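Visitor: I have a two-part request: show me the model, then let me ask about it piece by piece.

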Amino acid sequence: MTPLEAGVLGGGLLFFVAAVGWTPPVGTLWLGATLAALAGAALAGGAANATLAGWSTAGAAHPADPVGYLAGPVGGPAWGDLKFVCLLLFALAGVAYLAGRPPAETLVVGTTAVAAGLLTFATDNLVSLYLTLELQALSLYTLAGLYKFDEERTDGAVRYLLSGSLVSGFMLLGFARGYGANGTFQLFEFTRDDPVGSAWLVGMILFKAGVFPFHFWSPVVYAPLEWGTLALVVGATKVNLWYLLGRTVAAAAAPVWWALWWVGLASVVAGSVGGYFQTNVGSLLGYSGAVNGGYLVLLLLGTPRDGGFALGYYTGVYLGGTLALVVGLSVFGDTQTTWFTTWSKLGVTYPLAVYYAALNLGGLPVFPGFAGKLVLLWGIAPFGLATLAFVVGSSVAPAVYYVATAGAALFGYTDREVNPPHPVHPVAAATAAVTAGAAVGTVGALAGV
Amino acid sequence: MLALPRVSPDGFAAAVGRPGWSARRGYRQNYFFWWFHLGWFFLFLGGVTHTGVTPPAGVALWAPAAAALVYPVAVRTRPAGPVALWLSLGAGALAGAAALDPDLARTGWAAGGLTLDAVGAPYVFLTATVTPLVVLASLESVRRGERVYYGWVLLLGGLLTLCFSVSNFLVFYVLFEALGFPMFLLVGQYGPRPQRVAAAYKFFVYTFAGAAAVLPVLVYLQFGWGTAEVGALRVHQFTEYEQVVFFGLCAVPFAVKVPLVPFHLWLPEAHVEAPTPVSMLLAGLLLKTGGYAFVRFLLPAFPAGGYTWGPAAAAAGVFSALAAAAYAVVQVDMKRMIAYASVSHMGVVFVGLLGGTPLGLQGATYLMVAHGYTSAGLFAGIGVLYDRYHTRVVRRYGGLAGVMPGFGVLFFVLTLGNLSFPLTGGFAGEFMVLSGVAHRNFGVTLAVGATVFVGLVYSVWLFNRVFYGGVAAGVRTHQEATPVEVGVLGWCAGWTLLTGWFGGAFVGYSHGCYLGVLHGGIPG
């Protein structure tokens with residue numbers, strides 16, 4: 001870990017302390033911490049980008065990347081930008097936590113989950129990879145089941161734990177098999193020499209990312225979560241998974257790319273159909289994860305040589321859009337529950353905030369999500385017009401249920417009294433600051449293309 | 001530079017010497033107020049077009065969008081309605097005057113990604129003249145959330161003006177989709193009944209789902225070929241297969257927006273549940289974006305697609321026109337009846353668009369413009385009745401000619417336009433379409449022409465039931481149309497008659513341009 005990255009983590013930690021410990025009454029300190037975390041995140045993203053840009057501009061093979069898979073186009077964005085995305089999402093999750101009064105343990109466990117995720121960016125050893133992923137997973141199990149008297153939440157956490165443990169066991173078995181076959185724990189050699197082992201690893205990551213056929217756990221786990229934890233599990237803790245998938249899928253996909261292609265399409269369909277029937281934003285985002293996971297798998301297969309631009313950009317847009325929705329609803333809605341039925345009047349005072357977040361996630365024109373969709377379609381264009389038309393057609397269903405989300409907030413009827421925050425409320429101001437940071441990052445990434 | 005008057009709470013009351021009027025009711029009931037605004041608009045429009053000193057199109061086409069941006073600032077210290085009216089009139093005068101530039105048919109104008117020629121100018125002019133009308137009609141009917149409401153209306157005016165003048169297909173698509181967001185909120189939040197939410201949702205789902213079909217084509221054009229600029233598309237030699245596939249995919253969202261049966265189901269719901277001015281906006285302007293897309297983008301860029309799909313599309317248009325007209329006959333809700341009449345008229349438009357002749361295209365454009373005024377006026381008229389009697393069911397009415405004679409005359413003129421009576425714009429447009437299509441297939445001409453008879457049935461039946469016979473019990477306590485209502489209906493009735501008079505001039509003026517739409521894209 002570089003000093004810069006350590007500084008970033010410190011800034012993020014400071015932000016999280018402020019978010020959990022001093023909620024709005026100490027808004028100034030909190031806002032300062034947010035900005036510090038953002039500045040740190042920007043520096044870290046820049047540093048990581050410079051490292052990888054060095055690989056790409058040199059044009060030569062990195063020891064861990066002889067085929068140039070990790071290298072971006074000259075001067076362009078690369079995988080390192082995902083760290084920036086991860087830290088940005090981490091900061092946004094802190095904003096979502098401000099809507100409630102989470103216990104102090106949330107601070108420790110949540111930061112551990114993100115820190116463990118960041119370490120996976122740095123490791124090339126299967127043992128440390130296993131340990132960091134497990135540390136992240138254990139933190140998430142803990143967060144999911146934090147309120148032990150909440151039956152629904154405990155139920156989801158137990159399912160999450162049991163199925164996750166099963167997968168961890170299989171992962172360990174796969175690594176042991178790989179070591180037996182290859183005599184090394186190096187991730188790159190593992191993915192280069194052992195397609196079967198790589199496929200094993202890919203399957204494990206697909207489970208953790210909630211992609212078909214392993215998407216069954218996410219709606220159950222996400223539905224009872226409060227805004228802050230929901231923001232953490234659908235955002236910052238997923239970025240490293242897509243990074244890992246990018247590193248392994250090229251080798252794994254070579255002999256059986258068609259299987260992953262089918263997985264991608266099936267995930268899009270399963271998420272689209274399942275999401276349509278949800279009445280809770282948590283479970284909706286679980287299915288949304290399946291849809292977008294399918295898109296990302298297709299992107300990985302379709303554009304392996306573009307330096308990860310399409311994948312990185314779409315990952316940022318999708319996860320940033322998801323967090324914008326969660327944070328927007330948590331800030332502008334004065335309810336702690338994520339069920340649509342309690343959302344009426346959320347959009348009374350700030351209709352555009354909810355509307356914008358929902359339509360952006362739906363990938364509708366004018367919004368950044370539309371640019372993400374165009375990049376997605378460009379990325380999967382090599383599969384031909386049929387795949388393109390299929391993906392476009394299936395993208396209609398998620399857009400429809402995101403619009404339903406906006407409709408629930410905007411048009412629902414309730415007698416509930418509404419007490420929205422003032423426009424200059426620190427929470428709203430910080431959301432604007434974080435959004436501005438995201439915008440700057442996006443523009444910066446695009447400017448490099 | 002547009003000067004905005006500062007409106008004090010009693011300013012308009014003082015203007016007519018009626019102390020005690022509230023500002024809210026004052027400007028709505030005030031003859032001076034709206035005549036002053038409309039008179040200023042006419043003077044400006046007539047002056048600049050008569051002298052030939054039209055504003056630069058590059059400025060004029062951005063004026064409505066600029067008005068939407070200025071509005072949030074201007075409305076902070078002033079009543080929302082008058083501010084919106086001033087801004088829409090000012091922007092409309094600039095854009096409308098630019099669209100009337102006589103040189104457009106010959107040379108056109110293009111710069112900065114915008115184009116104004118005889119294809120887009122009629123639509124820009126329609127937008128420039130209907131948007132202020134929508135604001136005017138809202139003064140008496142919108143009672144809550146006025147500031148936000150007028151902001152959406154002005155934004156729609158700005159987006160529509162740009163939509164009718166951009167030359168890049170991708171940008172047009174983005175604007176076309178963006179039109180749905182304000183409309184979703186206008187229908188869902190301002191409709192009078194709880195069913196408005198379902199109607200808004202249905203409107204959004206239909207239009208968005210249809211629009212998704214264009215995306216693969218746009219990705220191919222923008223990323224695969226390098227541009228979606230229509231000037232470049234029309235000289236590029238796409239293969240016949242590409243043209244047929246692209247045309248077919250792109251036609252879906254625009255057929256939904258037109259709308260064509262069976263993609264029309266969102267329209268009657270949206271009209272019934274929307275407030276009256278929003279219905280005017282929807283029928284008068286938004287539906288036209290679908291037809292415009294065919295003329296501006298699809299036919300010039302993919303002519304072989306138009307040739308291949310033409311017979312099937314014409315058949316769909318004939319079916320749509322006849323089926324919707326038959327549906328209109330059996331409706332008991334006035335708004336729903338006019339909504340189906342709109343679908344029927346737009347079916348005729350569709351036949352003209354795909355008829356493959358310049359005259360058919362000209363007729364389609366002309367009919368859309370005429371229909372914009374006629375349908376907006378009819379919806380405004382139904383809104384006048386709904387404001388008083390709170391029902392739109394035809395059988396609840398009767399004998400209104402005796403109690404609201406002025407309103408009856410204006411509604412009669414609009415009814416004539418709706419049934420395509422000679423000397424109205426509807427007749428001129430349908431005559432051009434039928435004449436154009438007759439060059440290709442006389443059977444299609446006869447089939448489409450049959451809608452005139454069905455239109456006669458429902459239009460006369462509606463007028464007869466509402467205005468003649470004994471005075472229905474519910475309408476004994478009555479009120480003649482207010483000055484604002486007369487202004488709105490009179491504006492639409494006036495344009496219905498004017499468009500009936502200038503059909504021949506339009507054919508001569510725009511022939512070369514529409515000839516280029518059909519034949520300019522064929523290489524060699």
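Guide: To begin with a term, contact means heavy atoms within 4.5 Å. This is a predicted model, in which local features need pLDDT of at least 70, side-chain atom pairs count only at pLDDT 80 or more, and totals for chains, interfaces and linings use all residues. Residues are numbered from 1 along each chain as its sequence is written, chains are lettered from A and ligands numbered from 1 in the order in which they are written, and side-chain values use heavy atoms, with hydrogens and water left out.

Visitor: Leaving aside neighbours within four places in sequence, which residues is A:S395 in contact with?

Guide: With those neighbours set aside, A:S395 is in contact with A:Y295 and A:K373. The side chains of A:S395 and A:K373 also make a polar contact, at 3.4 Å. A polar contact is a pair of N or O atoms within 3.5 Å; within protein, one must be able to donate a hydrogen and the other to accept it, and residues adjacent in sequence count only if both atoms are side-chain atoms.

Visitor: Where is A:S395 placed, and is A:S395 buried or exposed?

Guide: A:S395 belongs to helix α17 of chain A, residues 385-411. Helices (H or I, at least four residues) and strands (E, at least two) are DSSP runs, numbered from the N terminus. A:S395 is buried, because its relative accessible area is 6%. Buried means under 20% relative accessible area, exposed over 50%, and partly exposed in between (1.4 Å probe, protein chains only).

Visitor: On to the interface: how much area do chain A and chain B bury between them?

Guide: Chain A and chain B bury about 2300 Å² between them, and 88% of that is on carbon and sulfur atoms. Buried area is the accessible area (1.4 Å probe) that two parts lose on being put together, summed over both.

Visitor: Which elements give two or more residues to the side of chain A that touches chain B?

Guide: They are α15 (351-361), α16 (368-380) and α17 of chain A. Of these, α17(A) gives the most to the side that touches chain B, with eleven residues. In total, the contact takes 23 residues from chain A and 24 residues from chain B.

Visitor: How many salt bridges are found across the interface of chain A and chain B?

Guide: The rule finds zero salt bridges between chain A and chain B. A salt bridge is a side-chain nitrogen of Lys or Arg within 4 Å of a carboxyl oxygen of Asp or Glu. For polar contact, the count between the two chains is one residue pair, both at pLDDT 80 or more.

Visitor: What does the secondary structure of chain A come to?

Guide: Chain A has 18 helices and zero strands. Of its 449 residues, 59% are buried. Chain B has 26 helices and two strands, and 63% of its 524 residues are buried.

Visitor: Now B:M346. Which helix does it lie in?

Guide: B:M346 lies in helix α19 of chain B, residues 334-353. It is classed as buried because its relative accessible area is 1%. Apart from neighbours within four places in sequence, B:M346 is in contact with B:V258, B:P259, B:L287, B:K288, B:M368 and B:H371.

Visitor: How far apart are the C-alpha atoms of B:M346 and B:S320?

Guide: The two C-alpha atoms are separated by 8.4 Å, while the residues are 26 apart along the chain.
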